[in-house]
Every structure is written in structure tokens, then in C-alpha cells.
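I opened this structure for a first look and kept notes as I went. The entries follow the order in which I looked things up.

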Amino acid sequence: MKKWVVTGVAVAVLSAGTVALYAGAPIQKVTVVAKEFTYTPNKLTVKAGLPVQLVLENKGVIEHDFVVDALKVKTGAIQPGKSGTVTFTPRAKGSFPFYCSIPGHKEAGMTGTLVVQ
Ligand SMILES: [Cu+2]
């Protein structure tokens with residue numbers, strides 16, 4: 001009987017947390033892994049008008065970043081083994097190229113496409 005009550009409280013707390021988390025606009029969470037010299041995935045699809053929380057995980061051995069010029073999105077340089085987060089809200093639909101702005105990386109293949117639907 002006592003066990004049952006405790007479980008009920010835990011569920012209630014979890015539910016309250018979920019409600020609070022999604023009370024505002026839902027956040028679209030996207031994780032991208034950067035390495036020499038690729039992004040995985042290199043094609044991202046998000047919805048227009050909703051905030052995007054993009055996490056860049058650098059699993060390479062040198063620093064990388066993530067830039068979308070058209071949307072003024074920039075993580076800043078992320079050190080190897082670290083991750084960085086950038087939050088933005090894409091307003092217009094379309095396909096936007098992203099790339100790594102560390103010199104030479106874009107040319108080496110660190111590019112991709114962000115599709116906003
Ligand atoms: Cu890079």
C-alpha cells in the first residue's frame with residue numbers, strides 16, 4: 001500500500017515536469033556529430049516557426065564549428081570531445097547550406113544542408 005502511494009507521487013511529479021517543459025513552443029532538438037571532415041547527419045530537417053536546439057558534438061581530434069550563414073547560426077569553435085549548443089528559430093522555409101568555418105574544413109567536405117519545412 002505504501003509503495004503504491006510513493007509511485008503515484010513520482011508519476012505526478014514527472015507529469016508536472018513534462019507539462020512545464022512543453023508549456024511554451026515545443027523545441028526541436030537536433031544533434032549533429034562533427035569529425036574530420038564530415039557531419040553526421042549532413043542533412044537536417046526542421047519545421048519553420050518553431051525553435052531549434054542544435055547540439056554539435058565534436059568527436060574529432062581538432063576543433064570544429066557549425067555555421068548557417070543564411071540564418072545567422074553559429075556555434076563557435078567546439079574543442080575535440082566537447083559539444084556546443086545553439087538555439088534559433090527558422091522563419092522561412094527552404095534549403096540552407098551549413099558548413100564548418102575552421103579554415104580549410106569546408107573545402108575538405110564539412111558541409112551539409114538544413115531543410116526548413
Ligand atoms: Cu571542422
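I started with Ile-78, which I found in the loop between β6 (73-74) and β7. Helices (H or I, at least four residues) and strands (E, at least two) are DSSP runs, numbered from the N terminus. I note that this is a predicted model, in which local features need pLDDT of at least 70, side-chain atom pairs count only at pLDDT 80 or more, and totals for chains, interfaces and linings use all residues. Residues are numbered from 1 along each chain as its sequence is written.

Is Ile-78 buried or exposed? Ile-78 is buried, because 22 other C-beta atoms lie within 10 Å. The cut-offs I used are these: a residue is buried if 20 or more other C-beta atoms lie within 10 Å of its own, exposed if 12 or fewer, and partly exposed in between, with C-beta atoms placed from the backbone.

I then listed the contacts of Ile-78, where contact means that the C-beta atoms of two residues, placed from the backbone, lie within 7 Å. With neighbours within four places in sequence left aside, Ile-78 touches Leu-56, Asn-58, Glu-63, His-64, Asp-65, Ser-83 and Gly-84. For Asp-65 I also looked up the C-alpha to C-alpha distance from Ile-78, which is 5.7 Å, at 13 residues apart in sequence.

Next I looked at the whole chain. I counted 2 helices and 9 strands in the protein chain. Their order from the N terminus is α-β-β-β-β-β-β-β-β-α-β. Of the 117 residues, 20% count as buried. Among contacts with a separation of 6 or more, 58% come from residues 24 or more positions apart.

I turned to the sheets, taking two strands as paired if DSSP finds at least two bridges between them. Val-30 is opposite Leu-54 in β4.

I followed Leu-54 further. Apart from neighbours within four places in sequence, Leu-54 is in contact with Val-30, Val-32, Phe-66, Thr-85 and Val-86.

Which residues touch the most other members of the largest nonpolar core? Of its 15 residues, they are Val-32, Ala-34, Leu-54, Leu-56, Phe-66 and Leu-114. A nonpolar core here is a set of buried Ala, Val, Leu, Ile, Met, Phe, Trp, Tyr and Cys residues joined through C-beta atoms within 7 Å. β1, β4 and β9 (111-116) are the elements that give two or more residues to this core. The most come from β4, with 3 residues.

I checked β9 next. β9 pairs with β3 (residues 43-46) in the parallel sense over 4 bridges, and Thr-45 has Val-115 as its bridge partner. With β8 (residues 94-99), β9 runs antiparallel over 6 bridges. There Phe-98 is opposite Gly-112.

My last entry is Ala-108, in helix α2 (residues 105-108). Ala-108 is exposed, because 12 other C-beta atoms lie within 10 Å. Ala-108 and Thr-38 are 70 residues apart in sequence but 8.5 Å apart in space, C-alpha to C-alpha.
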